[in-house]
Protein chains: 2
Amino acid sequence: MTTTGTVPATPAELRRLVAAGRWTGPTAGLLDGYQQANLVVVPQDLAYDFLLYCTRNPKPCPVLAVTEPGDPTVRLGATTADLRTDLPRYRVWHHGEQVAEPTDITAYWREDAVGFLLGCSHTFEGPLRAAGVPVRYAEESAAPPVYVTNVPTRPAGRLSGPLVVSARSIPARLVPRAVEITSRYPAGHGAPVHIGDPAALGIADLGRPDFGPPPVVEPGDVPVFWACGVTPQLALPAVRAAYTITHHPGHMFVFDHTVDEGPAGLTG
Amino acid sequence: MTTTGTVPATPAELRRLVAAGRWTGPTAGLLDGYQQANLVVVPQDLAYDFLLYCTRNPKPCPVLAVTEPGDPTVRLGATTADLRTDLPRYRVWHHGEQVAEPTDITAYWREDAVGFLLGCSHTFEGPLRAAGVPVRYAEESAAPPVYVTNVPTRPAGRLSGPLVVSARSIPARLVPRAVEITSRYPAGHGAPVHIGDPAALGIADLGRPDFGPPPVVEPGDVPVFWACGVTPQLALPAVRAAYTITHHPGHMFVFDHTVDEGPAGLTG
C-alpha cells in the first residue's frame with residue numbers, strides 16, 4: 001500500500017491522493033460512514049443488459065450512479081469525480097479474461113464506455129460498529145469472506161449467474177440488531193439474505209471461502225450472509241465483451257455523502 | 001364501468017375478467033393488499049433511457065418488472081400475464097400525441113415493444129387503512145389529487161421533466177404514522193417527499209390539482225405529498241417516440257403477490 005503517511009480526512013482528499021498515485025491501497029475500513037461503491041464499466045451495447053440485470057437483482061447490485069456513454073465523469077449530489085483515476089486499483093478484462101490490474105485506467109477507457117457505481121457492504125459496517133455489533137476480519141485483510149452460492153440470480157439479456165454472498169460472524173444475541181440496522185441500507189445490499197446454516201445456500205465449508213480470507217468465528221457466533229457486489233463480476237466474463245473494467249476488491253470508489261444522508265433530491 | 005356484477009376475489013380472476021372484456025373499470029380500491037402497477041410500454045431504442053430514468057428517479061418510478069423486447073408476457077414470482085389484454089384500459093400515444101384509449105392493445109403491440117411495470121401508491125393505501133390512517137377520496141373517484149411540481153427529476157438520455165406528486169389529507173396526529181408505514185414500501189413510492197405547505201413544491205392552489213378530483217380536507221388535516229407514477233407520463237411525450245402505451249389512470253396491472261410478501265427470491 002502506498003500512502004502519504006497520513007489517513008485522508010475526507011473522500012475528496014482521498015480521491016485527490018488516489019488520482020495523484022499517492023494512495024493505491026484498499027479503502028475498506030477507511031472513512032467510516034461515507035458511501036463506498038463497486039465499479040463496473042461496460043461497452044454501451046451491453047449497458048442495457050447490465051442495467052436490467054441490476055434492476056432485477058437489487059440486493060447484490062444496488063445502482064447508485066451511471067455515467068454517460070464515453071464520459072468518465074460521475075456526478076451525484078456533491079460528488080464530481082473521474083472514474084479513470086479516482087479509484088486506487090482496477091481490474092481490466094478483455095473478452096472475459098483479466099489482462100491488467102492497473103492503478104489508473106486512462107489508457108483502457110473507450111469512447112463507448114459506460115460506468116456503473118453499485119452500493120457495497122462497507123456502507124453498513126460503520127453503522128454496525130456504531131451499534132456495538134462487532135465486524136470481525138482476519139488480521140490485515142479488512143475484507144469479509146465471500147462465497148459463490150447455488151442461488152441463481154434473475155437473468156437479463158446475456159447476463160446470468162449465481163448469487164455471491166459475503167459472510168460475517170455475529171454473536172447470536174446481536175443478530176436481530178444486525179438485521180435491523182442493515183435493512184436500513186438498501187443501497188448497501190440491505191438486510192441479510194440468510195442467517196445460519198451455510199448449506200442452505202449450497203456453501204459446503206464455511207472455512208473455505210471462494211474469495212477473501214477465512215471467517216473469524218468466536219464461540220456463540222452465527223454466520224450471517226449478505227448479497228455481495230462480486231455477483232456481477234461472475235455474470236460478466238461469460239459475455240466475453242470486448243472489454244469490462246471493475247474496481248480491484250477492497251479498492252472502492254468513495255462518494256462525498258455519508259450513507260445516512262445519501263445524495264440530495266426528492267426523486268430517489 | 002363494466003363488471004360481472006361480482007367483485008373478483010383474486011388478481012388472477014380479475015385479470016381473466018379483464019382479458020375477456022368483462023371488467024373495464026378502475027382497479028383502485030380493489031383487492032386491497034395486492035401489488036398494483038403502472039404500465040409504460042416504449043420502443044426498444046428508448047428502453048435504456050427509460051430504465052435509466054427510472055433508476056435515477058426511484059421514488060416516482062420504482063421498477064417491478066421489465067418484459068423482453070417484443071414479448072408481451074410479464075413473469076414475476078407467481079404472476080404470468082399478458083400486458084396486451086390484462087389491464088382494464090390503456091392510453092396509446094403516437095409521436096407524443098394520445099391517439100386511443102382502448103381496453104386491449106393487441107392491435108397496437110409492436111415487435112420491438114418493451115413493457116415496464118412500475119410500483120404505484122395503491123400499494124400503501126391498504127396498509128394505511130389497516131393502521132387506522134384514513135385515505136379520503138372525493139366520492140366515486142377512488143383516486144387522489146395529483147399535482148405537477150417545480151422539482152425537476154434527474155434527466156436520463158432524452159427523458160426529463162418535473163416530479164409529479166399525489167396528495168392525501170391526513171389528520172395531523174396521524175402524519176408520523178403515515179410516514180412510518182409508507183416508508184416500508186419503496187416499491188410503492190415509499191416515504192412522502194413533502195409534508196405541509198404546498199408552495200414548497202410550487203403548487204399554487206391545493207384545491208386545483210392538475211389531474212384527478214380536488215382533495216377532501218377536514219379540519220386539522222395536513223396535506224402529505226408522495227412521488228407519483230404519473231411522473232414518467234410527463235417526461236415521455238417530448239421524446240415524440242413512434243409509440244408509447246401506458247395504463248389509463250386508475251386502471252392498473254395487478255400482481256398475484258401482496259405488497260407485504262413481494263415476489264419470491266433472495267436477490268431483490
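Start by selecting chain A and chain B together: across their interface there are 8 residue pairs in polar contact, with both residues at pLDDT 80 or more (a polar contact is a pair of N or O atoms within 3.5 Å; within protein, one must be able to donate a hydrogen and the other to accept it, and residues adjacent in sequence count only if both atoms are side-chain atoms). This is a predicted model, in which local features need pLDDT of at least 70 and side-chain atom pairs count only at pLDDT 80 or more, while totals for chains, interfaces and linings use all residues. Residues are numbered from 1 along each chain as its sequence is written, chains are lettered from A in the order in which they are written, and side-chain values use heavy atoms, with hydrogens and water left out.

**Between the chains**

Keep both chains in view and color the contact, which takes 29 residues from chain A and 29 residues from chain B (contact means heavy atoms within 4.5 Å). Next, pick out A:Tyr48, A:Leu266 and A:Thr267, which supply 34% of the area that chain A buries against chain B, more than any other three residues (buried area is the accessible area, with a 1.4 Å probe, that two parts lose on being put together, summed over both). Chain A and chain B bury about 2,200 Å² between them, and carbon and sulfur atoms account for 61% of it.

Now show the side chains of A:Glu68 and B:Arg56, which meet in a salt bridge at 3.1 Å, N to O (a salt bridge is a side-chain nitrogen of Lys or Arg within 4 Å of a carboxyl oxygen of Asp or Glu). The count between chain A and chain B is 2 salt bridges.

**Inside chain A**

The area buried between the two domains is about 2,200 Å², with 56% given by carbon and sulfur atoms. On the domain 1 side, select A:Tyr53, A:Lys59 and A:Cys120, which supply 30% of the area that domain 1 buries against domain 2, more than any other three residues.

Finally, zoom in on A:Arg158 and A:Asp49, whose side chains meet in a salt bridge at 3.0 Å, N to O; the count between domain 1 and domain 2 of chain A is 1 salt bridge.
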